Amino acid sequence: MDRAAFEDMARVEDRHWWFAGKRALLQALLRRTGVPDGARVLDLGCGTGATLASLARRYEAIGVEPDAGARAVCERRGCRVLYGGFPGDLPAGALSDAPAQAAILSDVIEHLDDDAGALRESAALLCPGGVLVVTVPAHPWMWTEHDVALHHRRRYTKRSLREAARTAGLTVQTLTWSNCGMFPLMAAQRVALKAGVVKGGIPGTTPIPASPVNALFRGVYRAEAMTSGRVPHPFGGSLAAVFRTPGR
């Protein structure tokens with residue numbers, strides 16, 4: 001992402017319903033894998049660090065991020081963050097003292113030309129039987145100028161995300177729709193954008209809804225997170241997955 005997008009993320013991610021709900025989802029999926037408190041967990045492509053800070057309350061959380069400005073925000077939060085990125089530039093040497101038990105890739109691989117290669121590189125940082133928790137935007141038909149502004153390479157189907165994991169040599173433990181409750185609104189907005197009925201927002205200017213609306217949307221997303229991977233969700237604007245590395 002470009003600098004404006006990172007600055008925008010730093011401004012809104014602690015309060016905006018979408019980011020808060022995504023953190024709840026990642027935490028819920030990670031806890032269900034059996035990764036114990038205090039385990040080393042990596043946040044790869046950690047951005048400006050709200051997810052990393054939430055992970056640090058339960059785990060030995062280490063962020064990896066190529067953007068210097070985003071790393072500076074993480075450090076101001078008191079988080080440990082290392083330089084690194086894809087392809088082929090993860091800080092394996094700095095992490096060689098103890099392999100991680102899990103890694104988060106939250107809305108990262110859709111930005112990369114080689115998504116399977118990124119999954120493979122991430123898995124190499126983990127112990128045998130380690131866990132990758134991955135989220136991505138769903139539905140190629142929802143592609144709009146918003147994806148272009150965020151430098152996405154693709155949106156996913158369950159089949160394409162499963163294929164990326166298979167190519168990387170990973171086992172799919174969980175693969176589920178995410179952001180189910182808000183999907184009708186998201187879909188309607190994307191259709192309106194495609195039809196030219198509404199204009200896309202200016203990149204870097206994400207609005208935070210009025211407090212009651214923001215709280216309602218956040219509650220819907222968090223409630224969904226509690227059942228994600230346990231109760232089938234029929235649709236969603238994103239996909240969430242848990243992959244395992246060989247060895248267990």
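Visitor: At what angle to E5 does helix H5 run?
Guide: In this predicted model, helices (H or I, at least four residues) and strands (E, at least two) are DSSP runs, numbered from the N terminus. Helix H5 comprises residues 115-123 and lies across E1, E4, E5 and E7, where contact means heavy atoms within 4.5 Å. Axes are lines fitted to C-alpha atoms, for helices over the stretch in contact, and angles between N-to-C directions run from 0 to 180 degrees. By this rule, the angle of H5 to E5 is about 145°.

Visitor: What pLDDT do local features need in this predicted model?
Guide: Residues are numbered from 1 along each chain as its sequence is written, and side-chain values use heavy atoms, with hydrogens and water left out. Side-chain atom pairs count only at pLDDT 80 or more and totals for chains, interfaces and linings use all residues, whereas local features need pLDDT of at least 70.

Visitor: Which strands form the edges of the open sheet?
Guide: The open sheet has seven strands with mixed pairing, in the order E3-E2-E1-E4-E5-E7-E6; two strands pair if DSSP finds at least two bridges between them. An edge strand pairs on one side only, and this holds for strand E3 (80-82) and strand E6 (171-178).

Visitor: By what average angle are neighbouring strands of this sheet turned against each other?
Guide: The angle is taken with strand direction ignored. On average, neighbouring strands are turned against each other by 20°.

Visitor: Which residue in E2 is the bridge partner of valine 41?
Guide: Strand E1 (residues 40-44) pairs with strand E2 (residues 60-64) in the parallel sense, over five bridges. One of the residues in question is valine 41, whose bridge partner in E2 is alanine 61.

Visitor: How many residues of helix H2 are buried?
Guide: Helix H2 (residues 17-32) reaches 23 Å from its first C-alpha to its last, close to the expected 22 Å, a span found as 1.5 Å times one less than the number of residues. Buried means under 20% relative accessible area, exposed over 50%, and partly exposed in between (1.4 Å probe, protein chains only). H2 is mostly covered, and of its 16 residues the number buried is 13.

Visitor: What angle does the direction of H2 make with that of E5?
Guide: H2 packs on the sheet and touches E1, strand E4 (100-106), strand E5 (126-137), E6 and strand E7 (238-244). Its direction makes with that of E5 an angle of about 150°.

Visitor: How are the rings of tryptophan 18 and phenylalanine 19 arranged?
Guide: Rings of Phe, Tyr and Trp (its six-membered ring) pair if their centres lie within 6.5 Å; planes under 30 degrees apart count as stacked, over 60 as edge-to-face and the rest as tilted. For tryptophan 18 and phenylalanine 19, the centres are 5.1 Å apart and the planes stand at 85°, so the arrangement is edge-to-face.

Visitor: Is arginine 40 buried or exposed?
Guide: Arginine 40 is found in strand E1. Its side chain makes a polar contact of 2.9 Å with the side chain of glutamate 60 and another of 3.0 Å with that of aspartate 97. A polar contact is a pair of N or O atoms within 3.5 Å; within protein, one must be able to donate a hydrogen and the other to accept it, and residues adjacent in sequence count only if both atoms are side-chain atoms. Because its relative accessible area is 7%, arginine 40 is buried.

Visitor: Near what value is phi of histidine 139?
Guide: Histidine 139 lies in the loop between E5 and helix H6 (145-149), and its relative accessible area of 14% makes it buried. Leaving aside neighbours within four places in sequence, it is in contact with Arg155, Tyr156, Trp177, Phe183 and Gly236. Most residues other than glycine have a negative phi. Phi of histidine 139 is positive, near 70°.

Visitor: What is the omega of the peptide bond that joins phenylalanine 86 and proline 87?
Guide: Proline 87 is placed in the loop between E3 and E4. Most peptide bonds are trans. The bond between phenylalanine 86 and proline 87 is cis, with an omega of about -5°.
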